[in-house]
Amino acid sequence: MDGFALYHWAPTTRRGQITRYGLRPGSLSSDRIWRPPYVCFADSPLTAWNLIGRYRPAIPEWDLWWADSNDVGDFEGIPWDDGGWREYRVYHRIYKRDLWMVGTRRNEHHKG
């Protein structure tokens, strides 16, 4: 099966952890409220941003990470009401060798 691109936004402050360990389920959420048992991806940077960025105005900068679905392995797809895929949840670690940092953006919703 051909792979497809998966995108994940993470606060820039977590770049060191991600470049050392990759993305790990059970890490403290970006709002520091809970530890999700998965890592959340979307199939476009905009969809990924719309799932997180606007809801975290306290975070000034975000890094965009890319992975190939073939390298990610098993995942759970969460659909929109229309049946398209909203997000992809991965319940295991994504190793740093399978991630590429695409870039950094300033959060236009930042209030700080």
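Let's start at Arg24, which sits in the loop between H1 and S2; helices (H or I, at least four residues) and strands (E, at least two) here are DSSP runs, numbered from the N terminus. Arg24 counts as partly exposed because its relative accessibility is 32%, on a scale where buried means under 20% relative accessible area, exposed over 50%, and partly exposed in between (1.4 Å probe, protein chains only). Leave out residues up to four places away in sequence, and Arg24 touches Val39 and Arg93, with contact meaning heavy atoms within 4.5 Å. Ala48 is 24 residues from Arg24 along the chain, and their C-alpha atoms are separated by 17 Å.

A word on what you're looking at: this is a predicted model, in which local features need pLDDT of at least 70 and side-chain atom pairs count only at pLDDT 80 or more, while totals for chains, interfaces and linings use all residues. Residues are numbered from 1 along each chain as its sequence is written, and side-chain values use heavy atoms, with hydrogens and water left out.

Now zoom out. The protein has three helices and six strands, and from the N terminus on they run β-α-β-α-β-α-β-β-β. The radius of gyration is 13 Å, close to the 13 Å that the globule rule gives for 112 residues, so the protein is as compact as a globular protein of that length. That radius is taken over C-alpha atoms, and the rule is 2.2 Å times the number of residues to the power 0.38. Along its principal axes, the C-alpha trace spans about 45 × 35 × 25 Å. Of the contacts with a separation of 6 or more, 73% are between residues 24 or more positions apart. Buried residues make up 38% of the 112.

Some of that burial shows up in helix H2, residues 45-52, where Thr47, Ala48, Trp49 and Ile52 are buried. What covers them includes four strands: S1 (5-11), S3 (61-68), S5 (85-90) and S6 (100-106).

Ile52 also takes us to the largest pocket, as one of the residues nearest its centre, along with His8, Ser30, Pro36 and Cys40. The pocket holds about 630 Å³ of space and is lined by 32 residues. Two or more lining residues come from each of S1, helix H1 (15-21), strand S2 (39-41), H2 and S5. S1 gives the most, with five residues. By type, the lining divides into 19 nonpolar, seven polar and six charged residues; Ala, Val, Leu, Ile, Met, Phe, Trp, Tyr, Cys and Pro count as nonpolar, Asp, Glu, Lys and Arg as charged, and the others, Gly among them, as polar. As for how the pocket is found, on a 1 Å grid over the protein atoms alone, a pocket is an open set of points with protein on both sides within 12 Å along at least five of seven lines, where a 1.4 Å probe fits, and lining residues have an atom within 4 Å of a point. Grid points are joined across faces, edges and corners, and the volume is the space filled by probe spheres set on the points.

Next, the segment after S6, where you'll find His109. With a relative accessible area of 27%, His109 is partly exposed. Leaving aside neighbours within four places in sequence, His109 is in contact with Trp49, Gly53, Arg54 and Pro57; Trp49 is one of the buried residues of H2. His109 and Ala5 are 104 residues apart in sequence and 26 Å apart in space, C-alpha to C-alpha.

Last stop: helix H3, residues 69-72, which contains Asn70. Asn70 is partly exposed, its relative accessible area being 47%. Gly73 lies in the loop between H3 and strand S4 (76-79), and at 32% relative accessibility it counts as partly exposed. From Gly73 to Phe41 is 13 Å in space, C-alpha to C-alpha, and 32 residues in sequence.
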